[in-house]
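Please keep the structure open beside them as you read.

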Amino acid sequence: MHTRSFLKLFFVMTIAAQLSACGVIAVGGVAAGAAVMADRRSPGVQAIDKGIELEANSALSKRFGDNAHINVASFNQKVLLTGEAKDADIKNEAGAYVKAMKNVRSVYNELVVGPNSSYSARANDSYLESKIKTQMIFTEKLPSNSMDIVAEGSSVYLLGILTQSEADLAKKVASNASGVKDVYVYFDIISEAEKVRLEKQGKADQSQPDNPPKYQ
């Protein structure tokens with residue numbers, strides 16, 4: 001898990017450096033897009049999500065060791081598990097543990113039963129995440145900071161708080177990225193009126209639906 005975090009940071013820094021060197025990022029553009037890029041979660045929910053990720057990653061790593069490679073992503077208190085588990089029992093136990101955690105609304109257990117992925121496969125996934133994140137940032141009308149992007153085995157998983165039109169656009173951007181096998185989304189879908197409210201208040205409504213649509 002530590003290796004994956006390092007790789008993600010490395011690729012994000014690399015892409016950011018390349019973009020800066022090319023002069024793509026303009027101060028005026030960043031200022032103009034500030035509202036669009038704002039996180040629609042409240043600061044409190046953001047902190048809860050970070051706590052869920054830290055606790056679950058630590059607990060699952062200690063519990064299963066090399067018998068599993070599990071990545072935990074939490075957005076708006078909805079948790080996505082990706083990676084590999086040695087057998088179905090480990091997959092189910094990991095899902096049950098996270099589901100029982102405090103503040104977790106729902107769990108999407110996408111663990112694959114099989115051997116742990118290779119270092120090169122994880123490096124490719126980390127690069128894919130960074131590439132799609134960059135594309136999202138430079139796509140007009142997409143609130144990139146209100147989404148979480150996870151790549152695992154060349155499949156891409158998207159979480160976030162978006163309107164239906166934003167969700168459709170985000171899925172399209174991810175699907176069109178080279179190297180992507182499948183795209184799955186677990187968005188909290190909000191109305192246009194709710195979007196306006198969140199942009200004004202800078203925080204997400206705590207009462208989001210528990211079962212947003214999953215696009216195949």
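1. How many helices and how many strands are there in the protein? There are eight helices and seven strands, where helices (H or I, at least four residues) and strands (E, at least two) are DSSP runs, numbered from the N terminus. Please bear in mind that this is a predicted model, in which local features need pLDDT of at least 70 and side-chain atom pairs count only at pLDDT 80 or more, while totals for chains, interfaces and linings use all residues. Residues are numbered from 1 along each chain as its sequence is written, and side-chain values use heavy atoms, with hydrogens and water left out.

2. On the protein as a whole, 45% of the 216 residues count as buried, a word that stands for under 20% relative accessible area, with exposed meaning over 50% and partly exposed in between (1.4 Å probe, protein chains only). The protein exposes about 10900 Å², and carbon and sulfur atoms supply 57% of that area; accessible areas come from the Shrake-Rupley method with a 1.4 Å probe, and for residues only the protein chains shown count as cover. If we take contacts (heavy atoms within 4.5 Å) between residues at least 6 apart in sequence, 71% of them join residues at least 24 apart.

3. Two packed helices are described by the angle between their axes and the distance between the axes. For helix H4 (residues 43-64) and helix H5 (residues 88-99), the axes come within 11 Å and cross at roughly 145 degrees, the axes being lines fitted to C-alpha atoms, for helices over the stretch in contact, and the angles running from 0 to 180 degrees between N-to-C directions. The contact brings Glu55, Ala56, Ala59, Leu60, Arg63 and Phe64 of H4 to Ile90, Glu93, Ala94, Tyr97 and Val98 of H5. These residues divide into eight nonpolar, no polar and three charged, where Ala, Val, Leu, Ile, Met, Phe, Trp, Tyr, Cys and Pro count as nonpolar, Asp, Glu, Lys and Arg as charged, and the others, Gly among them, as polar.

4. Two further residues of H5 deserve a look. Lys99, placed in helix H5, counts as exposed at 63% relative accessibility, and its C-alpha atom is separated by 9.6 Å from that of Lys78, 21 residues apart along the chain. Ala96, also placed in helix H5, counts as partly exposed at 46%, and the C-alpha atoms of Ala96 and Val107, 11 residues apart along the chain, are separated by 8.8 Å.

5. Helix H6 (residues 119-137) has 19 residues and reaches 27 Å from its first C-alpha to its last, close to the 27 Å expected at 1.5 Å a residue; the expected span is 1.5 Å times one less than the number of residues. Among the buried residues of H6 are Arg122, Asp125, Leu128, Glu129, Lys131, Ile132 and Met136.

6. Asn76 is buried, with a relative accessible area of 4%. Ser154, in the loop between strand S5 (147-152) and strand S6 (155-163), has a positive phi of about 70 degrees although it is not a glycine.

7. Phe75, in strand S1, is buried at 4% relative accessibility. Leaving aside neighbours within four places in sequence, Phe75 is in contact with residues including Asp39, Arg41, Asp49, Asn145, Met147, Leu159 and Ile161. Phe75 and Ile52 are 23 residues apart in sequence and 9.5 Å apart in space, C-alpha to C-alpha.

8. Finally, Tyr186 is found in strand S7 (residues 182-190) and is buried, with a relative accessible area of 2%.
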